[in-house]
Every structure is written in C-alpha cells, then in structure tokens.
Amino acid sequence: MPTFQRKRFRAAGETNGWGAKYRATMSKRPFLMFGLPFLAIMVAGSFVLTPATAIRYERHDRRVRQMSREEELNVRRSARKVDMREEYNRLAGNRDLDNWEQKRVERLPGESDGILR
C-alpha cells in the first residue's frame, strides 16, 4: 500500500449525505447534473426578461419616433408667431431702448482710444 493514497479520506457521515451523492453523480454525468440545469436556467431567464426588454424598447421608441408629414405640418401651424425685434429686446434684458444716452468710456492714462490717425 502506498504512503499517500490517491483518494481523499471521507468520514462515514460525509459519504451518505446528499452532497456526496451529488459529487459522485457529477463525476459520472457532468452535463446532466450541471450543464442541463444551467441551460434551463438561462432559457427560463430569457423568457422572464423578454417582456421587460420589450417594455424598455417601447418606451425608447415613443421618445424617438419619426413624425409623419401631416404631424410635421400641424406642428408648424400651431407654432407661436415670433417678432424678432420683440425677442431681441426681451433677451437684451428689457432695457428702455427709447431713452438711451451715448456715453464715452473713460480711458486709463496712456491707453489708446482706439482711433488711428
């Protein structure tokens, strides 16, 4: 008998348990005990997640759908009328543009006034 045995020693309580039977069957039939359950879980997961994925894509499609020609024309008709002068005045800060006074900016000593002679 060799000094170191090839098989690991297992106690009597260990050899009669569910885990020992599974390990023994796993070494004989790995696909049946591991591969088949793994594939079954993957297929079941795809069936469970398919509706969730469909809902996600439907939400995305609603946000990024193309408009038909009629819808595009209706959007243009219902747009508000824009007066460019009024928009400019509004964006300029609602300043009183009728009562303005031209002021000359004082320059620092030695600074050019920007006029070339």
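Predicted model: local features only at pLDDT ≥ 70, side-chain atom pairs only at ≥ 80, totals over all residues.

Me: How many helices and strands does the protein have?

Reply: There are five helices and zero strands. Followed along the sequence, the pattern reads α-α-α-α-α.

Me: What share of the residues of the protein counts as buried?

Reply: A residue is called buried when its relative accessible area is under 20%. Of the 117 residues here, 3% count as buried. The accessible surface of the protein comes to about 12,400 Å², and carbon and sulfur atoms account for 57% of that surface.

Me: How many aromatic pairs does a search of the whole structure find?

Reply: The search finds two aromatic pairs. In one of them, tryptophan 18 and tyrosine 22 are stacked, with 5.6 Å from centre to centre and 10 degrees between the planes. To call a pair stacked, one needs planes under 30 degrees apart.

Me: Why are tryptophan 18 and tyrosine 22 separated by about one helical turn?

Reply: The two residues are four apart in helix H2 (residues 18-28), so about one helical turn separates them. Tryptophan 18 is exposed, at a relative accessible area of 70%, whereas tyrosine 22 is partly exposed, at 27%.

Phenylalanine 34 and phenylalanine 38 also form a stacked aromatic pair, with 6.1 Å between centres and 15 degrees between planes. Their separation is again about one helical turn, because they are four residues apart in helix H3. Phenylalanine 34 has a relative accessible area of 48% and is therefore partly exposed.

Me: Which residues make the nonpolar surface patch of about 820 Å²?

Reply: A residue must have over 30% relative accessible area to belong to such a patch. This patch is made by Phe31, Leu32, Phe34, Leu36, Phe38, Leu39, Ile41 and Met42. Both members of the second stacked pair, phenylalanine 34 and phenylalanine 38, are thus named in the patch. Methionine 42, another member, lies in helix H3 (residues 30-63) and is partly exposed at 47%.

Me: Where does the charged end of arginine 56 sit?

Reply: The charged end of arginine 56 sits over the ring of tyrosine 57, at 5.6 Å from the centre of that ring.

Me: Which backbone oxygen does the side chain of serine 27 reach?

Reply: A polar contact joins N or O atoms within 3.5 Å of each other. The side chain of serine 27 reaches the backbone oxygen of alanine 24 at 2.8 Å. Serine 27 belongs to helix H2, and with a relative accessible area of 61% serine 27 is exposed.

How values were computed. Residues numbered from 1 in each chain as written. Heavy atoms only, no water. Patch = residues over 30% accessible without salt bridge, like charges linked within 9 Å, V, L, I, M, F, W, Y side chains within 5 Å. Areas by Shrake-Rupley, 256 points an atom, 1.4 Å probe, with all protein chains shown as cover. Salt bridge = Lys/Arg side-chain N within 4 Å of Asp/Glu carboxyl O. Buried < 20%, exposed > 50% of the residue type's maximum accessible area, 1.4 Å probe, protein only. Phe/Tyr/Trp six-rings, centres within 6.5 Å; stacked < 30°, edge-to-face > 60°. Lys NZ or Arg CZ within 6 Å of the ring centre and 35° of its normal. Polar contact = N/O pair within 3.5 Å; in protein donor to acceptor, adjacent residues only side chain to side chain.
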